[in-house]
Amino acid sequence: DLIRQCAARFPGGRMFFDLPPTIIKKVAPKGIRASKHYRVPPMPFSLSINQLRALVGTVPGLAAVHDVPMPPGRGFLFGKAFPSFWQFGPTKGLRGVYALLEFGPANAASR
């Protein structure tokens, strides 16, 4: 509904956002304790990049979805290991998503 409303209100615009891995909403829908002092908040919503791409043609005004690669982090683990792991075929669909959505012109949003 948020994507639909943004497409209608901002024809020709773009929207960038990130989504947690789809597995998070299954294993920790009420949040998860990450450390003694921090609890990751509930994340009941997530979509894979393929689920987002499937919205093109079904959400009025949504013209395109682009998968934006996560920039490499620091050190071996975040700079090399994680990026390689998330690009591996079986795990690629489970990773979090950075997505850029493009909204079509005003006449496309009103169809």
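**View 1. Strand 1 and strand 5 (residues 97-103) pair antiparallel over six bridges.** The model is predicted: local features need pLDDT of at least 70, side-chain atom pairs count only at pLDDT 80 or more, and totals for chains, interfaces and linings use all residues. Residues are numbered from 1 along each chain as its sequence is written, and side-chain values use heavy atoms, with hydrogens and water left out. Strands (E, at least two residues) and helices (H or I, at least four) are DSSP runs, numbered from the N terminus. Two strands pair if DSSP finds at least two bridges between them. Met-15 has Leu-101 in strand 5 as its bridge partner.

**View 2. Three strands make an open sheet in the order 1-5-4.** The pairing is antiparallel. Strand 1 (14-19) and strand 4 (62-67) are the edge strands; each has a single partner strand, so one side of each lacks a neighbour in the sheet. From one strand to the next, the twist averages 20 degrees. Axes here are lines fitted to C-alpha atoms, for helices over the stretch in contact; angles run from 0 to 180 degrees between N-to-C directions.

**View 3. Helix 1 (residues 2-9) lies across strand 1, strand 4 and strand 5.** Helix 1 runs at about 35 degrees to strand 5. Contact means heavy atoms within 4.5 Å.

**View 4. Phe-16 and Tyr-98 form an aromatic pair.** The structure holds one such pair. Rings of Phe, Tyr and Trp (its six-membered ring) pair if their centres lie within 6.5 Å; planes under 30 degrees apart count as stacked, over 60 as edge-to-face and the rest as tilted. This pair is tilted, at 6.1 Å centre to centre and 50 degrees between the planes. Distant parts of the chain are linked: Phe-16 sits in strand 1 and Tyr-98 in strand 5, 82 residues apart. Phe-16 is exposed, at 52% relative accessible area. Tyr-98 is partly exposed, at 25%. Buried means under 20% relative accessible area, exposed over 50%, partly exposed in between (1.4 Å probe, protein chains only).

**View 5. Thr-22 is buried in helix 2 (residues 22-27).** The relative accessible area of Thr-22 is 10%. Leaving aside neighbours within four places in sequence, Thr-22 contacts Ser-46, Leu-47, Ser-48, Gln-51, Gly-93, Leu-94 and Arg-95.

**View 6. Helix 4 (residues 75-87) has a kink at Ala-81.** The kink is about 30 degrees and lies shortly before the proline Pro-83. The bend at a residue is the angle between axes fitted to the seven residues ending there and the seven starting there.

Notes: Expected span 1.5 Å × (residues − 1).
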